[in-house]
Amino acid sequence: MSRPRLLRRIGISALALLLVVAVVAAVLAIGLVRRSFPQTSGEITVSGLTSSVSVLRDDRGVPQIYADNADDLFRAQGYVAAQDRFFEMDLRRHVTAGRLSELVGPDGLETDRVIRTMGWRRVAEQELPRLDPSTQRYLRAYADGVNAYLDERDSQSKIALEYVILGQQVPDYRIEPWTPVDSLAWLKAMAWDLRSDYADELARARLADRMSAGHIADLFPPYDAKAHRPILSSADWSPTASERTAVKKATATSTAGPDRQSPGTKEKAKDGGSAQKESAQPAALTGDAGPAVTRDASVRTAYAQATSAVRAVPATLGQGDGIGSNSWVVDGEHSTTGKPLLANDPHLGVSMPGIWYQTGLHCRTLSKQCPFDVSGFSFAGLPGIVIGHNDTVAWGFTNLAPDVTDFYLEKVRGDSYLRDGRYVPLRQRTETIKVAGQKDEHLIVRGTVHGPVMSDVVTSVNQAGSAAPVRGKRDRQRYEVSLAWTALQPNRTADAIFELNAARNWPDFRAAARDFAVPAQNLVYADTSGHIGYQAPGAVPIRRSATPGSPPGYWPAPGWDPAYDWKGQVPFEQLPHVLDPKEGFLVTANQEVTASSSPFLTTEWDAGYRSQRIRNLLQESPKVSPERMGQIQMDTRNDFAPVLVKQLLAVDLGGDRFTEDGQRLLEGWDYTTPASGPQSSAAAYYNVVWARLLNLTFDDELPRDLWADGGDRDRAAMVKLLTQPRNAWWDNKLTPGVVEGRSEVLRQAMVEARLELTRSIGRDPSTWSWGRLHQLELKHQVLGGDGVPGIVRALFNRGSWQMPGGSSIVDANGWDASEGFDVSWAPSMRMVVDLGDLDASRWVNQSGNSGHPYADHYDDQVDAWISGDTYPWPSTPEAVRAASDEELTLRP
């Protein structure tokens, strides 16, 4: 036989062998993938049940659970949630307990150190006995249901595919029983991601040694209530004189509200004037201009250490500008149905599986002992429904984002810290962190009366600072940085979830909101009787400002002076609320709640582009249909763009025809941001210009981790800067000897955008589209990252898709301009509730209800979610039965 023929035959044999191996591997892989799929029809015996429970699933796998009593109802909810999403639950409890390293090895250490320092699980353990006895019972029943499911599985591979993969790295890992505290601790993760002002307060403190307070203030513009209406008008709600007096007595200081003058409003160079190069050394500030500025590196270290602690915690819901939401409600006089309509789409991080788990919880006979007939969106691992409706009441959430965190500078000496003129012992404890494949790590956690010392975390080294900005004066002391946060105080938010689920009317709803401590949310309300309403709940601290002329919480406070400690919380009765507003509708999209500065809530409102756009669209029609509610959720108009485009079109490009090709696209643009189509080319060019403009304007003066992300705050800042052609921010500090102004920076941004699009897509602008840049990949939180082998990532990740919309747009498929154009956050679900016919309500999830890769419902809602389609949302027994695709009976 000739050599070529022999080689060919060997090659064919080898190829055949590889094919056989591949087929066998595929068969084995399919077996491993499918063995964790749950049983969703027939009968199963579940320990602990007192009567049979029916679980009806529709053709998207959404379970509707029917039981004779509340304990069986929540026991079944725990069982079904574990069927669909136990690994997600297990991952969350490891994160919230500071035990991620046990599951994923050394990669989880940084997270564990931070969360152990804050003590999330310790707080949850303190909360459990303080909850209503019925809540404790429901949490225990839910845990029993989860454990009943786990007890049935004789192998971890039959629970989730993730355990098969992770078992190669952590072979000794064993799943522990679920506990009520595991559910409660998840509320701490929610509160962490939905906190407000934490990062901004720390950012201002870090920038104080680099630039003047006026320069910093340009980055944090006050809310413009004239351009973007607050949630409530003064006609709907305003604090009474006695309420204002009570708050003033509590704060006992002069404070600036969110619509008042920010600290340091002096401009470095007035409009039209000449600008000089800023000195390389930051100028000192005193008095009302803001805190003293220091050049000392050690205080930067303390602040940078606390910043690292912020970033070390994985974002379970999302982070940054992406933590937003849209929600609005229209009364019957303004709807085509004659009854209220309520819409909600929380903007959170994107992941696989998605954040929400759809389910329904129904007592077969409603009674005081079993008051639940509710369906909506829940979190796997947490009993009850978080957002949705029952047979009488519907509610939605957006992030209220009050300032619920404060940093304190602490004078530490050895194991003591200064308080009111004397040194007192630090609070200390030792935490043992188990690390898969390594020795245990021992962490000394230190704290003060305010909270944990966050500047210890990450490197576990005693970091301190000197010459920190304290009360507007230079101070050559050494400091640690501690954190006060409302979520580290035991609360009754878990009670509120069940109270919301059982609410029958507005008084019930407000009573539930009273217990909703953290994370504080804007709550919108509608009922079948025709009422609509709004309530701001939450634990909001009362405190005074540590710096003259600044609002509370704007700068870190001196921890040694008790005058700056929190003085309790804003009473619930003083938090803004309204029933049946005069306008006949309410819009909440994270904007300012009221124009009043009493009670003080925050300065860090969303700038209001989304909220005002929704208001404008609602006002275009005298009556709004359910279909129109859904259409508004998909609106992609960029309402800031007209301001910037006007300036871009005015720039003289000096005959640069290459760049003029891009500029001309903006002349006919309607400011929408579709993924494809005639308007998409202009949207692509505009967004790249915007990203380059941010980089040229801001990033030359900011640390890498504080670069502009292009969200609502950057837009509001740019509105001001565009009216000041010689503002110092326009000058590029990387070009010594040259002083740039507005026109030059705009020109550079357009030139660079043209070049970038030419390189990434093509020379011809007609081939550009926003969707080719703006893409979404849904990634698994543990096994979806770049460090995971591609074959494994392919099992768990889905995508990519070309996406419309963007940051500060109603269809908020957001992106971080400092990172690129890929989608970082998005509407995590969409719902429209029709209070005239609850079975006519519509909903859609971001991914699917299952957490099992390749299960039918792992990603079966993604395409509908992207295109703006929704699914029927049956809730009455007849409608649920008619829509059911499978039925599982759980028996005692």
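This briefing looks at one helix pair and one arginine. The model is predicted, so local features need pLDDT of at least 70, side-chain atom pairs count only at pLDDT 80 or more, and totals for chains, interfaces and linings use all residues. Residues are numbered from 1 along each chain as its sequence is written, and side-chain values use heavy atoms, with hydrogens and water left out.

**Helix 2 against helix 8**
- Helix 2 covers residues 70-96 and helix 8 covers residues 180-193; helices here are DSSP runs (H or I, at least four residues), numbered from the N terminus.
- Their axes come within 9 Å and cross at roughly 70°, with axes being lines fitted to C-alpha atoms over the stretch in contact and angles running from 0 to 180 degrees between N-to-C directions.
- That makes helix 2 and helix 8 roughly perpendicular (65 to 115 degrees).
- On the helix 2 side, R92, R93 and T96 meet D182, A185, W186 and A189 of helix 8 (contact means heavy atoms within 4.5 Å).
- Sorted by class, this contact has three nonpolar, one polar and three charged residues; Ala, Val, Leu, Ile, Met, Phe, Trp, Tyr, Cys and Pro count as nonpolar, Asp, Glu, Lys and Arg as charged, and the others, Gly among them, as polar.

**R85**
- R85 also sits in helix 2, and it's buried at 2% relative accessible area (buried means under 20%, with a 1.4 Å probe and protein chains only).
- Its side chain makes a polar contact with the side chain of E88 at 3.1 Å (a pair of N or O atoms within 3.5 Å, where one must be able to donate a hydrogen and the other to accept it).
- The R85 side chain also reaches the backbone oxygen of G848 at 2.8 Å.
- Leaving aside residues up to four places away in sequence, R85 touches residues including W356, Y357, N845 and G848.

Technical notes: Helix = DSSP H or I, 4+ residues; strand = E, 2+ residues; numbered from the N terminus. Parallel < 35°, antiparallel > 145°, perpendicular 65-115°, else oblique. Buried < 20%, exposed > 50% of the residue type's maximum accessible area, 1.4 Å probe, protein only.
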